[in-house]
Amino acid sequence: ALAEALKKNSSISTIDLSRNEIGDEGAKAFAEVLKIDKSITTIDLGWNNIDAEGAKALAEALRINASITDIDLRDNQIGAEGAKALAEALKNNASVTTINLFNNEIGAEGAKALAE
């Protein structure tokens with residue numbers, strides 16, 4: 001319901017959904033919002049049990065979205081696979097300046113992908 005309402009958003013710039021256990025389904029719904037929203041600049045999805053599947057959906061949205069500057073995904077379980085998807089998306093995204101992936105078990109493989 002919230003994701004549907006946000007699709008019509010033109011004024012909210014910051015969304016904090018941290019600690020809401022939205023999981024991959026919530027991340028996917030929010031990714032659909034980010035594909036069309038042009039006013040949200042900051043999103044906090046920390047502590048939400050998002051794994052690689054949710055991270056991939058968010059990465060796909062970041063390929064399209066040009067308004068997000070800050071994304072916080074700390075304390076999820078995106079792993080190396082999710083980090084790689086985000087890294088690929090960020091190669092084509094000029095708006096994101098800050099991404100927090102603290103405590104996501106991305107390992108050396110995920111870190112390498114993000115560094116490239």
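Residues are numbered from 1 along each chain as its sequence is written. In this predicted model, local features need pLDDT of at least 70 and side-chain atom pairs count only at pLDDT 80 or more, totals for chains, interfaces and linings use all residues, and side-chain values use heavy atoms, with hydrogens and water left out.

A nonpolar core is a set of buried Ala, Val, Leu, Ile, Met, Phe, Trp, Tyr and Cys residues joined through side-chain atoms within 4.5 Å; buried means under 20% relative accessible area, exposed over 50%, and partly exposed in between, with a 1.4 Å probe and protein chains only. The largest nonpolar core has 30 residues, and of these Phe30 and Ile43 touch the most other members. The elements giving two or more residues to this core are α1 (2-6), α2 (23-36), α3 (52-64) and α4 (79-91), where helices (H or I, at least four residues) and strands (E, at least two) are DSSP runs numbered from the N terminus. With six residues, α3 gives the most to this core. Contact here means heavy atoms within 4.5 Å. With neighbours within four places in sequence left aside, phenylalanine 30 is in contact with Leu6, Ile15, Leu17, Ile40, Ile43, Leu45 and Leu58.

The expected span of a helix is 1.5 Å times one less than its number of residues. Buried residues in α3 are Ala52, Gly54, Ala55, Ala57, Leu58, Ala59, Ala61 and Leu62, and their cover includes α2, β3 (70-72) and α4.

Helix α4 can be described in a similar way. Its 13 residues should span 18 Å, and the end C-alpha atoms of α4 are 19 Å apart, in agreement. In α4 the buried residues are Gly79, Ala80, Gly82, Ala83, Ala85, Leu86, Ala87 and Ala89. The cover over them includes α3, β4 and α5.

Isoleucine 68 sits in the loop between α3 and β3 and counts as buried because its relative accessibility is 0%. Beyond four places in sequence, its contacts are Leu34, Ile40, Thr41, Ile43, Leu62, Ser95 and Val96. Isoleucine 68 and isoleucine 78 are 10 residues apart along the chain, with 19 Å between their C-alpha atoms.

The loop between β4 (98-100) and α5 (107-115) holds asparagine 104, which is buried, with a relative accessible area of 2%. A polar atom of its side chain lies 3.3 Å from the backbone oxygen of phenylalanine 102. Not counting residues up to four places away in sequence, asparagine 104 touches Leu73, Arg74, Asp75, Asn76, Gln77, Ile78 and Gly79. Glutamate 105 lies in the loop between β4 and α5 as well, but this residue counts as exposed, at 70% relative accessibility.

Most residues other than glycine have a negative phi. Glutamate 105, however, has a positive phi near 50 degrees, and arginine 19 has a positive phi of about 60 degrees. Arginine 19 is placed in the loop between β1 (14-16) and α2 and is exposed, with a relative accessible area of 57%. Arginine 19 also lies over the face of tryptophan 47, at 3.9 Å from the ring centre; a charge sits over a ring if NZ of Lys or CZ of Arg is within 6 Å of the ring centre and within 35 degrees of the ring normal.

Finally, helix α5 includes glycine 107, which is partly exposed at 45% relative accessibility. Alanine 113 also lies in α5 and is buried, with a relative accessible area of 15%. Leaving out residues up to four places away in sequence, alanine 113 touches Lys84 and Ala87.

Conventions:
A polar contact is a pair of N or O atoms within 3.5 Å; within protein, one must be able to donate a hydrogen and the other to accept it, and residues adjacent in sequence count only if both atoms are side-chain atoms.
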